[in-house]
Protein chains: 2
Amino acid sequence: MARRPAVVTIADVAARAGVSLSTVSRALNGNPTVDPALAERVRAAAAELDYTANPLARSLVSGRTQTIAVVVPDLANPTFQTILRGLGRAAAADDFHVLVSDSAESVDAERTLATTTRRRTDGVILCAPRMPQPDLDTLAATLAPLVLVNRTSGDVPSVRADYGAALRAQLDDLRRLGHRRMVHLSGAPGSASSAQRAAALDAFAAAHPDIDLHRLPCGVDADAGAAAADAVLASGATAALAFNDLVAIGLLDAVRRRGCRVPDDLSIVGFDDIPFARFTTPALTTAAVPAEDLGREAWARMSALLAGEAPPPSLTLVPEAAVRATSGPPPA
Amino acid sequence: MARRPAVVTIADVAARAGVSLSTVSRALNGNPTVDPALAERVRAAAAELDYTANPLARSLVSGRTQTIAVVVPDLANPTFQTILRGLGRAAAADDFHVLVSDSAESVDAERTLATTTRRRTDGVILCAPRMPQPDLDTLAATLAPLVLVNRTSGDVPSVRADYGAALRAQLDDLRRLGHRRMVHLSGAPGSASSAQRAAALDAFAAAHPDIDLHRLPCGVDADAGAAAADAVLASGATAALAFNDLVAIGLLDAVRRRGCRVPDDLSIVGFDDIPFARFTTPALTTAAVPAEDLGREAWARMSALLAGEAPPPSLTLVPEAAVRATSGPPPA
DNA sequence: ACGCGGGAGGTAAGCGTTTCCTGACGCCGG
DNA sequence: CCGGCGTCAGGAAACGCTTACCTCCCGCGT
């Protein structure tokens, strides 16, 4: 009994069709210089043998892998998941594969992963990298083609949400509602959005000296938000602005457990508008970061880069306010 | 000015160290037959040139890519995200990369993605595939090494949660609480868990003929849960068992908006214990599927397979009941 | 002093493609 | 009728690496 070869190569197809390797390659790649009848014969042979070109060998010679790498700080973060989903689907539509790595919020891992995954892919998308700007600038030089999400570096194409503008809008809304003591729960110091937010806070504080705007260091997840509950309540603030929805949700739950009524005693606003923000009680007021769009747009830029075209200009989306039920006037 | 070669190859290192290609390869791969002093010289040359072996070329000859493929039905589903995270981190710890694809709940995409990604990786992990059993069996034969999550096929190593057992426990709990009219919101017909759940429902119905157990077709997300609210209320059931937490959350929110008190008027139990289940109001009673463990264990099996060892036996984890506040006795 | 064994490093053969270059053939024009 | 040119297919190099195999040299034993 004829043992089926473990793997069928282009040579098998060539033998079957009675032509040379190069002809098979040309025929299967649609090279027009091959006689149509011959091409058909080759295709038939390939089909009978169930042949598909080995992508590795192909990549080695062509220098292209049809794969891009994405590095995110934490796969458990709903925002990154959504970005990844938009990105992944857009890339898949263009027949590209996605290699994801989770840097576990570690700057070292970020650098290492970016470098090693870059070597086996055609480009890298760094999603909200936490590393300091100089490090990012240095690294960026070695990574091209590179697209950044929520960070910028030189003229690297990027897409990002304007955290500063959205935070400013939130602060203004709360001020208009009458709040005069507010607290901001800041997270992930490395993230670019932190800088934007800090600037927005500074500007607001300067513009409204009558308002007591306190800043409370905090983590980036629900536990961190819960842990900050006592400090928030002790601060006497009538409104809390959380780094993200996770923090807001943790805080919301924790203060309610302590008997604090939201929004009557304390207004809470989140950031990101994760899918669950609608389902908290009360429904969370937040700023809707269009994460899926960010992912899609990031791919659009990478795709242009890979095609050697000029990428679309860097994009800054302003998150839209999603005013729901955790914000309201301060207690009288 | 000496132009730096775009890419430094093993030949450059060999020239720099004044040795042959093979010696460089051996030295860098820690082959003990190379003289320690020479090895050191090679390593030094490699370091000066900032050389790293081209993974593609290496893969082509070695036949190993240090990469595995994972196919999930929907990246937006928190359970798959968690599985992916456990899997990704475990694989990363073993210096493996992960190529993820989102099949968008499409059976066709599932098959195609599995096949094409398999070719550029060392193995595939199919996460909760939706395709019918015969298709899965056929496909499985061409995919080895393969690991299945939440499905089985022949003697393919697998890890899964025992949805049937957990659902049985939920049903028993509700019965003990006194519920006599219950409704089950079933989702994703293709999924293996649906079969297990159907069997559990059948068995329960047979064992407790006095209980009215109704089944309501439903989708798999929060919107589907919300859409089912009227039907659930109209059914007169005092307890609703949702296909997953997303459905439960949508339902919970929708019935509360209609003035229904949970759990006083209606008990609701979810499934999966997604991170947000703790934060609904009231906190959602659910069954805790250890998704991160599933991911980690899936990798353990793949890892063994790749090492040519016998994989650990297929694993079935029984989700633990997470009794919180959406379940209670039926109204009197 | 010579042969032989063993160890270290070099040579070259792949891995499976793509692609450049060459050669054969046929056709057309001179 | 012959030369030249265009077309199409084959040969072979190249992509960057690993590894089997072979050579060379050294040291030992007789």
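Visitor: What makes E2(A) and strand E2 (residues 97-102) of chain B a pair?

Guide: Two strands pair if DSSP finds at least two bridges between them. The names follow DSSP runs, with helices (H or I) of at least four residues and strands (E) of at least two, numbered from the N terminus.

The model is predicted: local features need pLDDT of at least 70, side-chain atom pairs count only at pLDDT 80 or more, and totals for chains, interfaces and linings use all residues. Residues are numbered from 1 along each chain as its sequence is written, while chains are lettered from A and ligands numbered from 1 in the order in which they are written.

Visitor: How many residues does the contact take from chain A and from chain B?

Guide: The contact takes 30 residues from chain A and 30 residues from chain B. Residues count as in contact if their C-beta atoms, placed from the backbone, lie within 7 Å. On the side of chain A, at least two residues each come from H4, helix H5 (78-93), strand E2 (97-102), helix H6 (107-119) and helix H12 (245-257). H5(A) gives the most, with seven residues. By class, this side of chain A has 14 nonpolar, ten polar and six charged residues. Here Ala, Val, Leu, Ile, Met, Phe, Trp, Tyr, Cys and Pro count as nonpolar, Asp, Glu, Lys and Arg as charged, and the others, Gly among them, as polar.

Visitor: Which residues come nearest to DNA strand C?

Guide: Of the 26 residues around DNA strand C, those that come nearest are Ile10(A), Ser22(A), Ser25(A), Ser22(B) and Asp35(B). A residue is near a strand if its C-beta atom, placed from the backbone, lies within 6 Å of it. H4(A) gives the most, with five residues. The surface holds 13 nonpolar, ten polar and three charged residues.

Visitor: Which element gives the largest share of the surface near DNA strand D?

Guide: The largest share, five residues, comes from H4(B). Of the 26 residues around DNA strand D, Thr23(A), Asp35(A), Thr9(B), Ile10(B) and Ser22(B) come nearest. This surface has 13 nonpolar, ten polar and three charged residues.

Visitor: How are H8(B) and H9(B) packed, and in which hand do they cross?

Guide: Helix H8 (residues 163-177) of chain B packs against H9(B) at about 40 degrees, with the axes 8 Å apart. The crossing of H8(B) with H9(B) is right-handed; the term applies if the near helix is turned clockwise from the far one by less than a right angle, and left-handed if anticlockwise. Leu167(B) and Leu171(B) of H8(B) are among the residues that meet H9(B), where Phe204(B) is one of the partners. The contact has six nonpolar, three polar and two charged residues.

Visitor: What makes E7 and E9 of chain B edge strands?

Guide: Strand E7 (212-217) and strand E9 (267-269) of chain B each pair on one side only. They belong to an open sheet of four strands in the order E7-E6-E8-E9, with parallel pairing. The twist averages 20 degrees from one strand to the next. Strand E6 (residues 181-186) of chain B is joined to E7(B) by six bridges, and Met182(B) stands opposite Leu213(B).

Terms used:
Contact = placed C-beta atoms within 7 Å. Axes fitted to C-alpha atoms, helices over the stretch in contact; angles between N-to-C directions.
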